[in-house]
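Open your viewer and get ready to click along with me. We will go from stop to stop, and at each one I will say what to select and what is there.

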Amino acid sequence: MIPEIIHHHLEMVSYRLEGDPFDFDLDYIDYSTSIKVQKGVKYPTWKMSSTVGVAFGSLFKELEIVNIEHEDYFLNAIAKRLQPYGLLCYQDPSLLKPNAPKVEEPILEFPEVFRFIWSEVAAKWVYFFFIAKIHFEKKWMLADLVRAYAKRKSGNSYKLNQKRRPAPIYQIASDIKIDVLIPSLGREEYVEQFLNDLKSQSIVPTKIIIVEQEKEMNAGCQMAFLTEKDWPFEIKHIFSRRSGACYARNEGLGYIESEWVFLADDDIRIQPDFFKQVLSQLLSMRLEAATVSCLQKDQKETHEQIHQTRIFGAGCSMVKKHILDSVRFDLAYEFGYAEDSDFGAQIRNLGHDVVYLPNPTILHLKAPVGGFREPVTFPWNTEDKRLKPSPTVMLFWYKHFSEKQFLGNKLMIFINFLLKMGKKNPYAFLSKFNKDWDLSLQFAKKLQSGQLQLIKTNE
């Protein structure tokens with residue numbers, strides 16, 4: 001099974017039958033999709049285990065290693081430290097036979113957890129973690145904190161050779177097919193520009209699916225160029241009489257036929273070898289989903305390496321069709337925020353990774369007109385007050401965070417809000433914060449259950 005589990009030297013794969021080495025305590029300080037690991041599927045996470053695992057020897061040869069004291073500490077430290085620099089980390093149940101016997105799996109004791117946070121995350125999070133343990137579990141761990149402080153400089157030392165590696169070269173089959181999905185509203189000029197970019201690709205897409213929302217009822221097609229010009233691909237032009245990017249993208253996903261799908265915004269520009277570069281990298285690493293760097297003019301890319309990411313871009317991602325057959329944009333997020341993040345979390349929960357490609361770069365024009373971010377009157381806002389946190393963002397946390405993640409996130413947000421707005425009267429601010437949090441959570445649950453829907457229609 002090993003050749004099917006691990007494919008290149010920048011991968012590390014392990015599996016833990018139950019729990020995690022930190023007894024889920026680090027959930028308090030990490031708000032990424034790496035935390036709530038889905039058992040039974042290959043899941044992207046820095047949480048490693050000494051129970052069973054595999055990696056190429058060349059990975060360890062590139063590391064400078066001293067003071068290995070605990071296997072699970074060491075493996076998790078490598079993953080936590082190096083994941084942002086291109087190390088792809090997974091938990092994969094296929095490392096074990098289905099009837100594998102249970103074994104005793106270690107849990108890191110304190111103060112090792114404090115030392116891990118200090119050395120591998122950041123010192124400020126040690127104090128936040130200390131407060132969280134007191135607040136939520138009534139555990140005073142001052143002695144452990146002091147011992148961790150004393151040992152903070154005696155931990156592992158290692159680094160990955162971070163010299164930028166050239167983009168992998170992969171021979172792409174001549175018959176590879178790509179569909180492109182573009183939702184649009186009032187941006188005809190930008191759509192035409194983007195179609196010209198697609199026309200000039202070294203790998204010309206097979207089909208372009210444009211979901212156009214009419215600006216006015218019975219307005220008809222605003223894109224005459226679709227029929228007046230010759231295009232080297234099929235164009236499927238759909239009218240949506242219901243507002244919203246989530247609904248439009250879902251409608252377009254029903255017409256996907258090709259092996260690969262590029263989910264695109266209508267106001268982007270790409271270079272002629274865009275598809276060739278993207279697919280070459282994904283195929284060489286045997287990956288099936290990626291969000292591609294999408295920058296505005298003069299914006300600088302801050303990442304150099306291909307790496308696992310907590311984000312997903314609904315307007316700048318390449319995904320295999322068979323994945324999209326099983327996911328849809330949640331309409332509960334319509335006109336709000338976090339629909340992209342939720343879609344990416346759905347993909348990961350099915351056992352598929354999403355990586356970030358820093359190259360090639362997409363130019364995002366940020367069109368000043370059209371789009372789907374039209375003013376919407378939300379039932380949780382009033383003329384003089386906007387509910388914070390937003391219920392759509394709260395919905396993402398509620399759906400995809402572990403219990404300790406959710407609590408830690410609440411505490412972190414409270415402290416940030418308190419420092420900005422509640423210094424004068426912290427007790428009154430605490431009461432207001434809890435009231436707003438509970439109200440936001442109530443609306444989030446109503447959105448999730450379908451009791452509350454934000455729908456606009458032109459019919």
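## Stop 1: a cluster of rings

Select Tyr 31, Trp 125, Phe 128, Phe 396, Trp 397, Phe 401, Phe 406, Phe 414, Phe 417, Phe 429, Phe 433 and Trp 437: ring pairs join them into a cluster. Rings of Phe, Tyr and Trp (its six-membered ring) pair if their centres lie within 6.5 Å; planes under 30 degrees apart are stacked, over 60 edge-to-face, and the rest tilted. Before you go on, note that this is a predicted model, where local features need pLDDT of at least 70, side-chain atom pairs count only at pLDDT 80 or more, and totals for chains, interfaces and linings use all residues. Residues are numbered from 1 along each chain as its sequence is written, and side-chain values use heavy atoms, with hydrogens and water left out.

## Stop 2

The structure holds 30 aromatic pairs. Zoom in on Tyr 31 and Trp 125, an edge-to-face pair with 6.2 Å from centre to centre and 70° between the planes. Which parts of the chain does this pair link? Tyr 31 lies in the loop between strand E1 (11–15) and strand E2 (43–44), while Trp 125 belongs to helix H5 (residues 123–137), 94 residues apart. Helices (H or I, at least four residues) and strands (E, at least two) are DSSP runs, numbered from the N terminus. Both Tyr 31 and Trp 125 are buried; buried means under 20% relative accessible area, exposed over 50%, and partly exposed in between (1.4 Å probe, protein chains only).

Now select Trp 118 and Tyr 127. Their ring centres are 5.9 Å apart and their planes meet at 70°, so this pair is edge-to-face. Are these two buried or exposed? Trp 118 counts as buried at 14% relative accessibility, whereas Tyr 127 is partly exposed at 43%.

## Stop 3: charges over rings

Next, show Arg 115 with Tyr 73: the charged end of Arg 115 sits over the Tyr 73 ring, 4.8 Å from its centre. To sit over a ring, NZ of Lys or CZ of Arg must be within 6 Å of the ring centre and within 35 degrees of the ring normal. Arg 249 does this with Phe 329, its charged end being 5.9 Å from the ring centre.

## Stop 4: helix H13 and its neighbours

Colour helix H13 (residues 391–400) and helix H14 (residues 403–421). Their axes come within 9 Å and cross at roughly 145°; axes are lines fitted to C-alpha atoms, for helices over the stretch in contact, and angles run from 0 to 180 degrees between N-to-C directions. Met 394, Trp 397, Tyr 398 and His 400 of H13 meet Gln 405, Phe 406, Asn 409 and Ile 413 of H14, where contact means heavy atoms within 4.5 Å.

How many residues of H13 are buried? Seven of its 10 are, so to speak, your next selection: Pro 391, Thr 392, Met 394, Leu 395, Phe 396, Trp 397 and His 400. These buried residues pack against helix H12 (339–349), H14 and helix H15 (426–449).

## Stop 5: a serine in a strand

Finally, select Ser 293 in strand E10 (residues 289–295). Ser 293 is buried, with a relative accessible area of 0%. Leaving out residues up to four places away in sequence, Ser 293 touches Glu 301, Tyr 356, Leu 357, Pro 358, Pro 360, Thr 361 and Ile 362.

## Last stop: zoom out

Show the whole chain, with its 15 helices and 13 strands. Of its 459 residues, 51% count as buried.
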